[in-house]
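Biologist: Please take a close look at a single part of this structure, and describe it in plain terms.

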Amino acid sequence: MDKKIKKIGVLTSGGDAPGMNAAIRAVVRTGIYYGLEVYGILRGYAGMIENDIIKMESRSVANIIQRGGTILKTGRCDEFFDYEGRKKAYNNLKKPGIDGLVIIGGDGSFRGAQIFSNEFDIPCIGLPGTIDKDIAGTDFTIGFDTAVNTAVEAIDKIRDTAEAHDRLFIIEVMGRDAGYIALHSGIATGAENILIPERKTVIEDVITAIAEKERRQKMVNLIVVAEGEEFGGAYEVAKVIKERLPEQEVRVCVLGHIQRGGSPSCFDRLIASRMGYAAVECLVEGKHNVFVGILNNRMHYIPLNEAVKKKQRLSEEWMRIVKILSA
Ligand code: F6P
């Protein structure tokens, strides 16, 4: 029989994502509802190692559901990937008697959680918090919807000026290893081409498509590029286009970290609240080392180790849609 959990810790780890606060709020308040003590661990795994742990009450999470960033702060922590670091972290959790953890972060954070829970007897529940949407087992991750909407708003503005000057714009969005922000925002803004890390960039095809559109006098050209695209990002793509099509007026806009900030969308607040609530229910029911996602609008639970192994599969059909609709 599993012993009953009494005290839980919650932390945010990796890149921040809008909606993390809504998830923290849900974990804290659901925990208190079930009679648990809830502790906030600051700065991700670094706070666990350095004993930066605070007791949280219902009021600690008042007025945060609408705020971007994370009140617990976040970071990437190399020390947690050493056994000694994890041992320190475990000893610090034992001081207040924390016997369950909720980790809100990306796949790197879950990898850390999985190793930690195998070594020390602490159940860990992972919630997908990343703007990149690059985690299997869930249709959406906390922060993705807000980030895409931020990108769409910016690209719409760029389209106005692009049209006024008949210019080609190469817009770089975030996504070191994943092209979902590029794909979603590119389709939603009518981009001519979308370059993503998951697909080989054939620069010849990009140039042929621009030249062909120029012949047809299609003047507004928007190309959306994910930062991790294999050619090297927006500036590199622009350089080659300028060399090959010197007549073409080309401008580059890198959207950068504005995509990570801002008030979370309704959708992100909603999934964060549902996931945070479900994470605590998992711990109360004695589920160990589970990843909580939402598939087809239903809560979906898979073992943490499966979540770290798999990637979301990118639909080839979406690339076909880009091509057909940008005619
Ligand atoms: O993982 C989210 C993400 O925003 C990636 O899209 C991006 O490549 C990376 O984080 C940037 O990280 P940092 O803020 O540490 O430069």
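**The domain interface**

Modeller: Across the interface of domain 1 and domain 2, the rule finds one salt bridge, meaning a side-chain nitrogen of Lys or Arg within 4 Å of a carboxyl oxygen of Asp or Glu. The model is predicted, so local features need pLDDT of at least 70 and side-chain atom pairs count only at pLDDT 80 or more, while totals for chains, interfaces and linings use all residues. Residues are numbered from 1 along each chain as its sequence is written, and side-chain values use heavy atoms, leaving out hydrogens and water.

The domain assignment, automatic or from a database, gives domain 1 as 7-143 + 264-307 and domain 2 as 145-260. Their centres, taken over C-alpha atoms, are 34 Å apart. Domain 1 brings 13 residues to the contact and domain 2 brings 12, where contact means heavy atoms within 4.5 Å.

Together the two domains bury about 1,100 Å², with 54% of it on carbon and sulfur atoms; buried area is the accessible area (1.4 Å probe) that two parts lose on being put together, summed over both. Of the area that domain 1 buries against domain 2, 43% comes from Ile 131, Asp 132 and Lys 133, more than from any other three residues.

Between the domains, eight residue pairs are in polar contact, both residues at pLDDT 80 or more. Such a contact is a pair of N or O atoms within 3.5 Å; within protein, one must be able to donate a hydrogen and the other to accept it, and residues adjacent in sequence count only if both atoms are side-chain atoms.
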